[in-house]
Amino acid sequence: MDGPWYNEGMPPFQASTAPQVTMTSSNQPLFPNSWLQPNRPGFFDYVGKTIYYKAWGVSTTGATPGNFNLFVYWGNNTASNGTQLGSNAFTWVASLTNVCWSIDLYIRARAIGVNGQLVIYGTLFLGQTGLWMFPFSGTITGVVCDLSRANSNFISPQVNRSGTTAETITPWDMYWQQLN
Amino acid sequence: MDYPRSNFYCDSKPPFRDRSGSSTAMTTALVAYVPTSDIPLFPPNYFWAGKLVYIKHIFQTSSFATPTAFFVNLIFGNNVSNTGTGLCSAGITWTANQSTVQCSCDFWIRCRTANGPGTIGTLFSYGVVWLGGTGLIPIPATGGLSAVSFDTSVGGYIAPQYYRSGSTAEVLTHHDIFTRAMN
């Protein structure tokens, strides 16, 4: 009760498991549009605005999964659409069945308007494989995005794998919070 | 300070913890190490479909020569040892001879169905346990988690309980716990 900068849960609130994604070497959205924050033009309307995102699910790997790759876009939630905010990749352990994973991400506006900037960071945890920072290395810098009221987009997590077998990933649950 | 406001505030739920517990021996059966006075009572018909609750538990353990495995269960009930409805669980191979290491559990409890007062609803729960000196694992570690049925007309507590499968006198000390309504 320190002030008006409440944390707020952001609808839609999920009460089911999301569709399973059969991974390929091309990006695919992790969630359907109905699971993401609806387009809200001008949502990032002050510098410092931060949202938190958590997702949880299971994944299964085959014999040659190669790398697991996670990308986050500011776009319309179709494959590789929009501006890439960040990415991570790690060597995926083969032959895991229904192993739990989680993703925690923070997205903060560093500038607003037509030449706004978003910065993203967080962690990626895969059971029996490891825990990674997101991004794993390199400088975290603001990515230029149109955050004006004339533009609306999703924060869109997308995945692919670099191997050759049919890995699957099933999101169980996810939620968004605005932190200020 | 959303635009527009959603009004789904994240609220901390009293009571607010102000002291640690005492070191308590672990056994091969579930024990409610968290005092009832430290956790909120969820009243009847508290949950609605999509309602999300977060719980964080901070504790300390010591393992000895043959701890074998550490088990955590999140239980909905009256906070009596080994009593109630299990919401999610995990077991982790426990490293021996870890003296007074810090540990934590994080849980998320999502209501998936609650068709009005006095009906059978379902809770879908998951989390992560971090045992210092041993490792970090998801709860559950593997498997397709199922929603667990509960009677929406009956209130109760939601708290973790723990046990060990080995044969030496491991101990656990409860430090802190907090609960938040996430929406």
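Strand β3(B) is mostly covered, with 10 of its 11 residues buried; buried stands for under 20% relative accessible area, exposed for over 50%, and partly exposed for the range in between, using a 1.4 Å probe and protein chains only. Strands are DSSP runs of E with at least two residues, just as helices are runs of H or I with at least four, and both are numbered from the N terminus. The model is a predicted one, in which local features need pLDDT of at least 70 and side-chain atom pairs count only at pLDDT 80 or more, while totals for chains, interfaces and linings use all residues. Residues are numbered from 1 along each chain as its sequence is written, chains are lettered from A and ligands numbered from 1 in the order in which they are written, and side-chain values use heavy atoms, with hydrogens and water left out.

On one hand, β3(B) pairs with β6(B) in the antiparallel sense over 10 bridges, where pairing requires that DSSP finds at least two bridges between the strands. In this pairing, B:Q60 stands opposite B:Q102 of β6(B). On the other hand, 10 bridges also link β3(B) to strand β11 (residues 171–181) of chain B, again in the antiparallel sense. Here B:K56 has B:F178 of β11(B) as its bridge partner.

The loop between β3 (52–62) and β4 (69–77) of chain B holds B:S63. This serine counts as buried because its relative accessibility is 3%. Its side chain reaches the backbone oxygen of B:T95 at 2.7 Å, a polar contact in the sense of a pair of N or O atoms within 3.5 Å, where within protein one must be able to donate a hydrogen and the other to accept it, and residues adjacent in sequence count only if both atoms are side-chain atoms. Leaving aside residues up to four places away in sequence, B:S63 touches B:W94, B:T95, B:A96, B:N97, B:Q98 and B:E170, contact being defined by heavy atoms within 4.5 Å.

One of these neighbours, B:N97, lies in the loop between β5 (85–93) and β6 of chain B. B:N97 has a positive phi of about 60 degrees although it is not a glycine, and B:N97 is exposed because its relative accessible area is 55%. A further residue of this kind is found in chain A: A:Q128, also not a glycine, has a positive phi of about 65 degrees. A:Q128 sits in the loop between β8 and β9 (130–134) of chain A and counts as exposed because its relative accessibility is 54%. Most residues other than glycine have a negative phi, and most peptide bonds are trans. Against that background, the peptide bond from B:I139 to B:P140 is cis, with omega near -5 degrees, and B:P140 belongs to the loop between β8 and β9 (148–151) of chain B. In chain A, the bond from A:P11 to A:P12 is cis as well, with omega near 5 degrees; A:P12 is in the loop between β1 (8–10) and β2 (21–22) of chain A.

Turning to the strands of chain A, β7 (residues 99–111) is mostly covered, as 10 of its 13 residues are buried. Strand β4 (residues 50–60) of chain A runs antiparallel to β7(A), joined by 10 bridges, and A:T50 stands opposite A:R108 in β7(A). Strand β8 (residues 116–126) of chain A also pairs with β7(A) in the antiparallel sense over 10 bridges, with A:Y121 of β8(A) as the bridge partner of A:Y106. The hairpin of β7(A) and β8(A) has 4 residues between the strands, and A:G113 takes a positive phi near 90 degrees there. Chain A also contains an open sheet of 4 strands in the order β3-β11-β5-β6, with antiparallel pairing. Its edge strands, each pairing on one side only, are β3 (28–29) and β6 (83–91) of chain A.

Finally, the two chains meet in a contact that takes 34 residues from chain B and 39 residues from chain A. The area buried between them is about 2800 Å², of which carbon and sulfur atoms give 58%; buried area is the accessible area (1.4 Å probe) that two parts lose on being put together, summed over both. Between the chains there is 1 salt bridge, defined as a side-chain nitrogen of Lys or Arg within 4 Å of a carboxyl oxygen of Asp or Glu. B:R110 forms a salt bridge with A:D173, the closest N and O atoms being 2.9 Å apart.
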